[in-house]
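The exercises below are meant to be worked with the sequence and the coordinates side by side.

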Amino acid sequence: MYISKLVGERTKTSPSDAIIKSHALMIRAGYMKLVSNGIWSLAMPAQRISQKIENIIREEMNAIEGQECLFPVVMPREMWDESGRYSSIGDEMVRFKDRNGRDFVLGMTHEEAAVQFARDAVNSYNQLPFMIYQIQTKFRDEGRARGGLIRVREFKMKDAYSFHINQEDLEAYYYRVYAAYERIFKRIGMKNFIAVTSDSGMMGGKISHEFMLLTDVGEDTLVLCPECGYKSNMEVATSVVENYADEIELPMEEVYTADAKEIAEVTKYLGDIPAYKTAKAVCYNIKGDSETTVVCFVRGDLEVNEAKLKKVIMKDVVPAGLEGSALVAGNIGCLGLDKLPNVVLVYDKSLKGANNMVIGANKEEYHIKNFSFNRDIKIDEFYDISKVVAGARCAHCGKPLVLQNGIEIGNIFQLGTKYTESMGMAVLNKEGKSVTPIMGCYGIGVGRAIASIAEERSDDKGLNWPMAIAPWHVYLCALRTDDAIVREKADKLYADLQSAGIEVLYDDRNVSPGFKFNDCDLMGIPVRVVISPRSIQNGIVEVQLRDGSFKDNLSLDTCVEELAKIIKDRI
RNA sequence: CGAGGUGUAGCGCAGUUUGGUAGCGCGCUUGGUUCGGGACCAAGAGGUCGUGGGUUCAAAUCCCGUCACCUCGACCA
């Protein structure tokens with residue numbers, strides 16, 4: 001490729017709205033252009049990176065007997081009614097009508113399509129297990145896209161669906177996919193990634209993992225145990241909850257607390273008592289039911305984990321507005337609340353056995369002191385609905401946990417029979433009885449992988465692609481292209497490199513050296529080869545790797561072979 | 001969806017307070033001189049000032065509406 005013909009503007013200045021490194025650099029290097037919020041056009045170099053990542057994914061999926069298919073982007077409503085998701089999914093799914101007024105959706109995931117595709121073709125346990133996958137565009141109408149390709153509305157995704165006769169078979173295959181994912185992320189040059197246990201959300205199913213790139217710009221919070229290797233998404237993370245019960249239980253009393261509402265205000269008003277000697281109430285409404293208020297009590301030093309709460313009450317929640325309810329915001333306590341209509345109470349396990357606690361008095365300007373969760377109230381069950389905090393003890397080994405941010409780059413789910421059952425897929429087993437296959441599903445976002453690698457490997461000069469996914473292997477930097485000899489030798493080298501299977505971006509422009517070097521660094525091409533009047537005179541080319549791992553002069557006559565080796569070694 | 005911010009040439013920005021010929025830097029075109037980490041000179045091209053309405057002799061600038069984008073938060077299969 002001649003850089004003089006490459007479409008995509010490289011700029012010296014960063015776009016003012018790009019906050020994170022990968023976003024800013026990919027725009028500066030001319031890799032992509034914004035079309036609409038969360039919707040991008042990719043230029044040739046970015047598309048080439050995407051294709052290389054896709055091919056690596058393809059190889060690894062094929063290696064575990066995946067069958068590449070292609071499901072439609074546009075699907076009729078009926079298919080999604082079968083699974084129930086036409087109504088259960090919110091505004092993230094785009095719905096529209098065709099010219100006849102028939103309802104359609106844009107695919108944001110393809111469980112329905114996979115089951116619809118497979119259910120008639122597969123009739124016998126003999127045909128199981130199998131895995132079908134595709135690499136295709138998804139559309140999710142995110143409330144808020146951000147960070148360039150990190151979080152978008154339209155994106156290319158590899159999504160795979162496996163079908164099994166029983167749970168054991170699913171689990172065995174699940175761990176083969178797990179291993180394939182580790183190979184994929186390694187091969188595309190991702191360095192600091194881990195797999196964490198995760199919330200399967202509304203996908204259904206039990207066991208799931210998310211592959212996470214550890215980075216500060218990540219949107220997910222991960223809970224990690226450096227000691228025993230426990231790794232979990234905050235959504236499902238657990239820890240040991242310390243018991244701060246005092247030996248002597250003091251008599252309960254009501255105290256005046258003026259306008260102290262938040263825990264910090266209350267503890268300060270009462271003479272800097274520790275936050276863990278208070279219980280706070282956090283209120284939610286059930287989604288679609290503004291009548292019912294879910295009041296959660298957690299220890300004052302902890303926060304409610306909404307993902308855990310949703311599992312406990314088996315319903316979706318939204319933060320509650322308390323106007324018009326009988327609850328006194330800032331002074332809510334657990335005494336007498338069970339008498340209120342339309343209130344669901346959930347107690348966190350951090351309060352089990354706690355005593356001498358401060359709780360709200362359910363009236364303005366008052367709290368209750370020395371409340372005992374043993375003595376003063378009868379609670380049937382305490383649930384785990386609190387967020388793990390940094391330094392909390394690991395539930396497995398007791399050592400302190402650490403929190404870290406991560407970007408989700410892939411996920412694997414054991415789905416169970418949610419879709420096969422609702423959509424009526426069945427096969428005959430050995431005994432001739434009809435059984436419902438068990439599913440797994442497995443996703444990798446290609447664009448997010450690109451952004452993640454850019455984020456992890458770039459420096460202040462620009463991007464820095466791993467050889468395996470670089471848009472081109474070599475940046476052929478010809479200095480003084482107005483010199484006929486340079487032009488001739490460089491043209492020949494360009495042809496020779498290509499004949500040797502090396503992908504070359506040829507900087508044939510007659511601009512100053514610094515201009516070329518900067519573009520090379522900015523675009524992140526791994527190998528820079530400089531040919532100039534000076535180098536030709538010495539019979540050499542100057543070779544330098546973007547990652548600093550190699551820098552030398554090679555003979556002009558034999559450099560093609562040596563470069564081929566350097567590149568091969570690094571793929 | 002809540003809060004804040006920004007829309008002026010391909011990119012980065014000034015001009016808006018106090019209404020009066022549409023500006024700067026980079027990039028682009030042509031010619032010339034240069035050439036090892038973003039060279040220089042000269043001459044050019046390129047803008048419905050996001051958009052609709054209003055006020056005014058006159059609007060990028062003032063008023064009302066609206067749209068888009070960005071940031072933080074909420075949401076997120």
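**Exercise 1.** Determine what distance separates the centres of domain 2 and domain 3 in this predicted model.

Solution. Begin with the division of chain A, which consists of domain 1 (42-231 + 404-455), domain 2 (253-383) and domain 3 (474-570). Taking the centres over C-alpha atoms, one then finds 68 Å between domain 2 and domain 3.

**Exercise 2.** Work out the strand order of the open sheet of 3 strands, and state which strands lie at its edges.

Solution. The order is E14-E20-E19, and the pairing is antiparallel. The edges are formed by strand E14 (253-256) and strand E19 (357-360), each of which pairs on one side only. From one strand to the next, the twist averages 35 degrees. Turning to one pair, E14 and strand E20 (residues 366-371) are joined in the antiparallel sense over 4 bridges, and Glu 253 has Lys 369 in E20 as its bridge partner.

**Exercise 3.** Decide whether Asn 356 and Asn 370 count as buried, partly exposed or exposed, and describe their backbone.

Solution. First, locate the residues: Asn 356 sits in the loop between strand E18 (343-348) and E19, while Asn 370 belongs to strand E20. Next, consider phi, which is positive at about 50 degrees for Asn 356 and at about 60 degrees for Asn 370, although neither is a glycine. Most residues other than glycine have a negative phi. Finally, count neighbours, for which the threshold for a buried residue is 20 or more other C-beta atoms within 10 Å. Asn 356 has 18 C-beta neighbours inside 10 Å and therefore counts as partly exposed; Asn 370, with 19, is likewise partly exposed.

**Exercise 4.** Identify which residues are joined by a cis peptide bond, and where the proline of that bond lies.

Solution. The cis bond joins Leu 128 and Pro 129, with omega at about -10 degrees. Pro 129 is placed in the loop between helix H5 (111-118) and strand E7 (130-139).

Technical notes. Residues numbered from 1 in each chain as written. Chains lettered and ligands numbered in written order. Predicted model: local features only at pLDDT ≥ 70, side-chain atom pairs only at ≥ 80, totals over all residues. Pairing = 2+ DSSP bridges. Helix = DSSP H or I, 4+ residues; strand = E, 2+ residues; numbered from the N terminus. Axes fitted to C-alpha atoms, helices over the stretch in contact; angles between N-to-C directions. Domains from an automatic or database assignment. Buried ≥ 20, exposed ≤ 12 C-beta atoms within 10 Å, placed from the backbone.
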